[in-house]
Amino acid sequence: MVLAHGEADAVTLIAREGKLSVFRAELRHALAGRGRVVIVTGPVATGRTELLVAFAAEARRQGVRFLSLTTSPATKARALAVVKQLDRELRQREETTRPEASPSGVLPDQMWDLCDRLLRRADREPLVIGVDDVHDADPASRLFLTHLARQLTASRVLLVLTAPITADGVDPIIATELVYQPHCRQIVLDTLSVADVGALVADEADEPTADRLAPELHAVSGGSPLLLRGLLHDRLADMDRACAFGGLSSAVARFLHRCDPVARRVAYGLAVLTEPSDAVTLGRLLDVTGEVTRRAMDALTVAGLLGDGYFRHPGVRAAVMKEIPADERSALHLRAARLMHDHGAAATTVARHLVAADDPTCNWAVELLYEAAEQANTDGDVTLVLDSLELACRASATDAQRVASFAMLARAEWRINPTLAARHMGRLTAAVRDGVLADRHVEPLANWLLWCGRAEEAMALARTESWPADSAGSLDRRTRRPVWLAWLYPGVARNSPECHPPETPDNATLVLNPMLHAATLLTRTLSQGAGRETNGEAERILHGAMLHERTLQVLTSLSAMVLGDRLGEAAHWCDFLRTSAASRRAPTIEALFSAVRAEIALRQGDLSAAERHAVAALGLISPKAWGVAVGMPVATLVRTLTAMGRHDAAADQFRIPTPNTLFQTVFGLFYLRARGGHFQATGRLSAALLDFRTCGELMDRWELGPALLPWRSDAAMACLGLGRTAEARKLVAAQLDLLAPDHHLARGITLRAEAAVGPAKRRPALLRRAADLLRECGARLELAHTLADLGRAYEQVGRPKLAGGAFGEARALARQCGAGQLLADLTRHPGPAEPEPSARLSDAERRVAELAARGHTNRQIAATLYLTVSTVEQHLTRVYRKMNVSSRADLRLDFANS
């Protein structure tokens with residue numbers, strides 16, 4: 001809203017009609033020859049100037065001359081500034097002028113002559129003299145105005161003075177000299193009420209809008225006309241959005257400009273503290289007394305800027321912060337940090353002030369910044385973590401403290417983007433060589449080097465004396481060295497015996513060193529496979545690990561569960577950990593758990609979920625940031641897309657750049673198998689066989705267990721396709737000899753390969769055994785392929801009915817898994833027509849299955865169908881078996897597809 005020249009602002013006058021009535025009454029007295037003084041006071045920005053403009057307009061409507069005199073903080077230092085303005089106004093209205101007595105020639109002893117001239121002039125023409133912000137007039141002018149106010153009682157002069165109510169009260173010229181004079185009348189302005197605000201909004205918009213906006217606008221502005229102007233501008237400019245605070249920001253700036261210096265500094269201090277504070281604490285921040293601070297806060301509250309001891313809205317505080325000069329803002333934040341620290345405030349609270357002060361000389365706060373970073377990491381405040389550690393790097397006083405700060409910063413950056421952390425590697429490895437980096441930072445540094453594919457450098461760190469001992473100080477340093485090398489870089493670790501953990505660590509060692517426990521568990525799983533005891537250990541380690549401190553420990557334990565075919569439990573843990581990482585805004589850790597979750601989904605045969613999680617993992621951080629670990633999500637995604645029959649999309653994944661050291665790691669093995677599977681599915685059997693054999697050579701060289709990747713079975717199928725049946729049989733026989741009885745997944749895959757390379761009459765029995773093993777470990781995709789082979793085997797031995805059943809189950813599973821490649825193969829080799837899954841059910845079983853698919857519990861189904869709960873359970877057992885599903889979720893999917 002723009003105020004036209006000479007017109008009063010509608011925001012101010014919306015509730016000021018009563019004040020105009022007072023002015024009219026006093027003007028009538030003055031016109032009758034009884035001079036009057038009207039004093040307009042009120043809190044800052046409540047509309048004194050606008051009301052004076054309204055008085056001027058009213059006087060002119062009645063034909064009365066209005067002489068407007070202005071002041072500003074600058075006029076305090078200009079002697080007789082107001083007097084000279086008055087003299088100039090009078091002379092411009094004289095019928096004749098006298099150049100020799102120019103306004104600049106007014107002297108102190110001539111002021112009284114000026115008063116006489118003014119009163120004589122009023123005999124001929126009544127006058128209204130308005131002095132806005134009289135508190136800014138120079139002392140001589142104030143003395144003159146006081147003298148004039150006393151002399152005009154028998155004249156036709158109305159003197160109107162305005163002054164704010166500040167932290168120090170009303171201006172002394174008013175409080176002591178004038179307000180008690182019988183011919184003086186005081187008008188005290190107040191902030192606007194909700195009803196006043198509503199009337200104003202209705203005038204600008206409409207009644208419904210006024211009813212909706214008035215409470216909000218009043219709550220934010222406190223009824224301050226100035227702040228209300230800014231808010232109203234924002235809200236009426238865009239009625240569909242919350243306050244944008246552009247106009248409010250400008251209004252707050254003007255408000256602060258009009259405040260007295262003490263009140264302005266109090267507003268600055270409150271904005272810096274970010275929360276309500278008592279007057280004593282705020283006074284200590286500003287180095288003024290608590291009483292002065294309290295009065296200033298009271299004045300700001302009355303003016304509408306504050307409510308309940310703090311800003312009425314975050315937008316008001318933000319606007320105040322913008323107005324604080326940069327050097328003053330920095331100094332206030334530094335004082336606030338010291339003050340909060342002395343009062344025992346949380347480290348994160350103190351750190352925010354230190355960061356805002358951006359003062360790298362405050363080396364007293366480095367340890368506090370470390371503490372704040374750890375707490376902020378727990379809270380998921382990534383910005384504060386990085387800001388605190390970056391300031392700590394600049395504020396560190398010694399080389400040792402500085403490199404420790406960089407180590408902690410690298411650790412934090414790794415959680416967000418490993419590429420950021422990599423820039424510190426050179427500095428930190430040099431610090432290890434120089435003996436400057438503290439022991440506790442050496443192991444994370446080795447982690448990062450391995451992640452980046454720099455295994456030899458990590459090994460060099462492992463050989464240093466800086467490698468930390470355990471927290472209890474009771475373990476041999478060798479047990480604290482990078483034991484995870486044995487499974488991440490098994491070939492490199494095998495050539496460095498000093499990095500191997502003890503072969504049979506005792507229970508006390510494992511309890512004191514959970515990382516060693518996790519690494520030993522996974523190493524044993526890779527070499528021997530996972531048993532029931534291994535899976536139990538993995539879950540116990542997971543329960544004891546903390547995500548933000550022991551990510552590697554969690555990953556190793558989780559990987560052991562996946563390799564042990566504990567897919568359901570692993571999926572539950574993975575979802576929990578992934579969500580926790582996301583809440584902490586740690587995309588690297590979230591990406592790792594997304595990649596593991598994709599592998600779990602692939603092994604469970606949920607190709608849609610596998611693709612979704614793998615794509616999410618690769619999207620959270622860049623391929624370069626993944627380091628050697630990029631092989632894990634890429635391999636899972638390639639195998640998933642290949643199973644879906646989306647071979648072009650699978651081929652695109654090989655364009656993702658991978659480090660040269662990928663094939664020194666276990667991730668390289670998974671990558672080779674995925675690429676070989678893609679080559680095999682697209683008819684490039686020789687290339688597939690080469691990848692499978694390379695995978696096998698590495699596994700043999702690294703002495704990894706055969707259950708990790710059944711490469712011989714993969715290679716056997718490729719040999720079979722190339723017509724090398726004898727070679728295929730040798731591979732299968734060797735694989736079976738190496739597998740333990742509890743390697744169900746690998747054994748099921750190998751039995752399927754054995755059936756393929758063996759005589760037709762043995763195939764059904766082998767494939768049935770394979771199917772049983774695969775059902776037991778929940779590998780639905782492998783089971784679907786096995787059932788498809790079983791259907792063909794039955795056809796070959798002349799048993800079409802059994803072939804039809806096997807093909808039907810294979811199709812149902814392939815649909816559930818989203819295995820487009822298998823469905824296409826089954827279309828080319830259809831066998832007997834596949835019945836719909838629900839067609840194999842009896843009427844009673846169908847009724848139970850339909851209710852279960854809708855989400856009913858067994859007890860609800862029993863009540864609906866008038867059955868016992870036991871009967872419902874028996875029906876569901878047969879339904880699951882006939883439809884080859886294992887859960888109600890699968891049942892819902894089957895009925896949706898049928």
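Predicted model: local features only at pLDDT ≥ 70, side-chain atom pairs only at ≥ 80, totals over all residues.

Q: In which loop is Asp287 found, and is Asp287 buried or exposed?
A: Asp287 is located between α13 (279-286) and α14 (290-303). Its phi is positive, about 65 degrees, although Asp287 is not a glycine. Its relative accessibility is 62%, and the cut-off for exposed is over 50%. Asp287 therefore counts as exposed.

Q: Is Ala45 buried or exposed?
A: Ala45 lies in the loop that links β1 (36-42) to α3 (48-61). Its phi is also positive, near 65 degrees, in a residue other than glycine. Relative accessibility is 4%, and buried means under 20%. So Ala45 counts as buried.

Q: How far apart are the end C-alpha atoms of helix α18 (residues 366-379)?
A: The helix has 14 residues. At 1.5 Å a residue, α18 should span 20 Å. The model agrees, with the end C-alpha atoms apart by 20 Å.

Q: Which residue follows α18?
A: Buried residues of α18 include Leu368, Leu369 and Tyr370. Among the elements covering the buried residues are α16 (326-342), α17 (347-357), α19 (382-395) and α20. After α18 comes a residue with a positive phi, near 80 degrees: Gly380.

Q: Is the crossing of α20 and α22 left-handed or right-handed?
A: The axes of α20 (residues 399-416) and α22 (residues 425-433) come within 10 Å and cross at roughly 135 degrees. That makes α20 oblique to α22. The crossing is left-handed.

Q: How many charged residues does the contact of α20 with α22 have?
A: From α20, Val403, Phe406, Ala407 and Ala410 take part. They meet Met425, Arg427, Leu428 and Ala431 in α22. By class, the contact has 7 nonpolar residues, no polar ones, and charged residues numbering 1.

Technical notes
Residues numbered from 1 in each chain as written. Heavy atoms only, no water. Axes fitted to C-alpha atoms, helices over the stretch in contact; angles between N-to-C directions. Helix = DSSP H or I, 4+ residues; strand = E, 2+ residues; numbered from the N terminus. Parallel < 35°, antiparallel > 145°, perpendicular 65-115°, else oblique. Left-handed = near helix turned anticlockwise from the far one by under 90°. Contact = heavy atoms within 4.5 Å. Nonpolar A, V, L, I, M, F, W, Y, C, P; charged D, E, K, R; others polar. Expected span 1.5 Å × (residues − 1). Buried < 20%, exposed > 50% of the residue type's maximum accessible area, 1.4 Å probe, protein only.
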